[in-house]
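Subject: Structure handover and notes

Dear colleague,

Here is the structure for your files.

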Amino acid sequence: MATLLYRIGRWAFRRRRLVGGTWLAALVLAGVAAAVAPAGEEEDLSMPGTESQEAFDLLDERFPENNAQGAEARLVFQAPDGQRVTAREHKAAVADALDSLAGGDQVASASDPYEGGDVSGDGTIAYSTITYTADAVDLTGPTKSALEGAADQARDAGLTVEIGGSALDAEEEPGGTTEIVGVAVAAVVLVLALGSLVAAGLSLLTAFAGVAIAFGLVSALAVPLGLTSTVAILALMLGLAVGIDYALFITSRFRDELARDSEPEEAAGRAVGTAGSAVVFAGATVFIALVGLGVVGIPELTKMGMGGAGAVALAVLVALTLVPAMLGFAGRRVLSRAARKAARRAGERPHAVPGASGRPGLGVRWARFVLRRPVAVLLAAGLGLGALAVPALGLELGLPGDESKSVETTQRRAYDLLSEGFGPGFNGPLTVVVDTTESADAEAATASVAATVRDLDGVASVGDPVLDEAGETAVFTAVPETAPNSGETKDLVNSIRDEAAGVEADTGAGVLVTGTTAMNIDISEAMSDALLPYLTVVIGLAVLLLTVVFRSVLVPLKAALGFLLSVGAAFGVLVAVFQWGWGADLLGIEQTGPVMSLMPILIIGIVFGLAMDYEVFLLTRMREAYAHGASPGEAIVQGFRHSGRVVAAAAIIMISVFAGFIGMSSPTIQTMGVGLAAAVAFDAFVVRMAIVPAVLALLGRRAWWLPRILNRVLPNVDIEGEALTGRAPAGGPGTTVSRLPAGRY
């Protein structure tokens, strides 16, 4: 592989105008496609194979008239203190507000709270349900303005009015202040790490090109593939993070090759052949882990995995082709000013850079410190991560609703008003579906189910059953006494399903429990059940791939255990922040509750690939030094000498990018930002920088041991670029290169 990538790097360097023009054309086409494509819809989560999803599918089949419903809004009215919303003047104010919506564009209906009985028991709160003919993303600005105007009109009459439902939901748009700060931090780190504005700008430019193409493609395919804004933001987040890192690794290796007196074209080829091999492997691990999310069985999670995988694949292609092409344009300017001055003073050829001298860098000093105290470093790092992982034992999974939104939003205030007036379970009603096709008496079977549910503890009320036109299916709502995300509501759902088994045996009717609350419970349970198998698959894949790459048994096992520590510590942070509220105010997270059920598996998939990034880039240099005769201890020092600073810079960049998304209002994106930033920090700076060298120091030569039978069977992927070591530098004996004008370098 190293030889093929070496040729690609040299070709892209020589044909830089063609390569650059091709990527520019791809960027323009992706942007145009995104601009003309219709906006995608925000779809509800589904989980094929669960009871709640089966019930939803049955309702779609038996009540097709409900399929055409669009967005929904709730105008929630509260009377002033000491007054009732049923007073004459307040009823008139409510009527006037609803009349202002009647006949409006996209408005299907607006219920009268006084005729429908939608008034709280104490008479202080009432609500009206407004249905629309279009989905939330298709509601026009005037339609939403009319809804907000109706609320303002009732407020002017003295009522407290808030708006709930999906009508005011908007797609999360990237580009906020925190994301800009994250990218700015990444730019500063690049400049400090590379010592050159040109080199830093090149890494950022190529990463932006790749992520812009990925974002444009996801936006263009949103409607035909059913992709949501979360998929686009994940593609943006991952593409930006790995794109900058991959460009940094190849650019850094290019500078090292120039320091070895290579011609620029040869340096580009060797950079892609060596660092590019690591990029391909690292990108492949991220890609496989993300695509593997499809085995969980949640369509939205599958789409998120595919979107992120596509962004990572584009980042790899950009790193292998566009980066060396841009290095051809930049030439010697990717070197720091000090390096260029030193070369001129030494009287060397313009492209040559003197070798490093003087005091060892921080990475070398740290590696030597670990070599002197491997046991102490290993215990401190391992126990520290273990302590951070302890809160993960109390991990609770759930799905966010209006209760997780900021109290500054009208949706959250509407949620609170409805809970106050109608009970905490009102915002999470359960839908009970009774399939009577196998029942002798449909009405009696439905009545029996309703009576059974009504008698259960924890049920606040049961609505009247509604039959479909054929009289084969009945549906009614059961309102719990407790909040949607509470453990008591989960127990109630399980109790209804347990009792339904007896009713089914007596009446022959099928009973299914669904609704948003039941669906959230089913998805959370499915995620909990899938977590361990998925983790096992990921760990197994890591061990297999690293065994092939490093031709070692103990190195992969060490990497897998380190990955478990970093992921466990990241889950502990999620529990502490999102469940316990530690530091939540500092991060702008106003509501604590269960961790979003999709996050653990999603974070495992992403962090697995990123952890392998740092493992590969750090250990490749160690393996390369050891293969060339260095002692195990000196190989560790050489690995940190050449890769420690670059890996640290790459980790800081990735942490900055992920942390930049914490400021978004979406709980999903916030959780993802916190979890990924914490996981990368733990994995890069604790596992790879401390635990890895400590374990290697204790193992010595045994770290690189491989049984003879595996040595014969396993393929040699040559990720260290050993096939290139026999090549003389361009311009040396026995080689012929196309020389470039010296003045440009």
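Is Ser109 buried, partly exposed or exposed? Ser109 is partly exposed, at a relative accessible area of 36%; the classes are buried under 20% relative accessible area, exposed over 50% and partly exposed in between, with a 1.4 Å probe and protein chains only.

Before the rest, the conventions. This is a predicted model, in which local features need pLDDT of at least 70 and side-chain atom pairs count only at pLDDT 80 or more, while totals for chains, interfaces and linings use all residues. Residues are numbered from 1 along each chain as its sequence is written, and side-chain values use heavy atoms, with hydrogens and water left out.

Overall

The protein has 25 helices and 11 strands. These are DSSP runs numbered from the N terminus (helices: H or I, at least four residues; strands: E, at least two). Of the 745 residues, 54% are buried. Among contacts (heavy atoms within 4.5 Å) with a separation of 6 or more, 80% are between residues 24 or more positions apart.

Ser109 lies in strand S2. Leaving aside neighbours within four places in sequence, Ser109 is in contact with Thr129, Ile130 and Thr131. With Thr131 there is also a side-chain to side-chain polar contact of 2.6 Å. A polar contact here is a pair of N or O atoms within 3.5 Å; within protein, one must be able to donate a hydrogen and the other to accept it, and residues adjacent in sequence count only if both atoms are side-chain atoms. The C-alpha atoms of Ser109 and Leu98 are 9.8 Å apart, for 11 residues along the chain.

Thr129 is in strand S3, residues 125-132, and is buried, with a relative accessible area of 18%. Not counting residues up to four places away in sequence, Thr129 touches Glu72, Ala73, Arg74, Ser109, Ala110 and Ser111. Thr129 and Pro113 are 16 residues apart in sequence, with 8.2 Å between their C-alpha atoms.

Gln106 is in the loop between helix H4 (88-99) and strand S2 (107-110). Its phi is near 75°, a positive value in a residue other than glycine. Most residues other than glycine have a negative phi.

Around Ser52

Two residues meet Ser52. Asp522, in helix H19 (residues 516-550), is buried at a relative accessible area of 7%. Its side chain makes polar contacts with the side chains of Ser52, at 2.6 Å, and Arg497, at 2.8 Å. Beyond four places in sequence, Asp522 touches Thr50, Glu51, Ser52 and Arg497.

Thr514 is in strand S10, residues 510-514, and is buried with a relative accessible area of 0%. A polar atom of the Thr514 side chain lies 2.9 Å from the backbone oxygen of Ser52. Not counting residues up to four places away in sequence, Thr514 touches Ser52, Ala55, Phe56, Leu59, Leu430, Thr431 and Val433.

Nonpolar cores

A nonpolar core is a set of buried Ala, Val, Leu, Ile, Met, Phe, Trp, Tyr and Cys residues joined through side-chain atoms within 4.5 Å. The largest has 175 residues, and Tyr246, Phe563 and Phe658 have the most contacts inside it. Apart from neighbours within four places in sequence, Phe658 is in contact with Met237, Leu238, Ala241, Leu610, Gly673, Leu676, Ala677 and Val680. A second, separate core has 27 residues, including Leu75, Val107, Ala136 and Leu168.

Helices H22 and H24

H22 (residues 599-627) and H24 (residues 667-699) pack at about 30°, with axes 9 Å apart. Axes are lines fitted to C-alpha atoms, for helices over the stretch in contact, and angles run from 0 to 180 degrees between N-to-C directions. The residues of this contact comprise 19 nonpolar, three polar and three charged, where Ala, Val, Leu, Ile, Met, Phe, Trp, Tyr, Cys and Pro count as nonpolar, Asp, Glu, Lys and Arg as charged, and the others, Gly among them, as polar.

Pro400

Pro400 is in the loop between strand S5 (397-398) and helix H16 (410-422). Pro400 is partly exposed, at 33% relative accessible area. Its C-alpha atom is 6.5 Å from that of Met596, which is 196 residues away along the chain. Not counting residues up to four places away in sequence, Pro400 touches Met596, Pro667 and Thr668.

Regards
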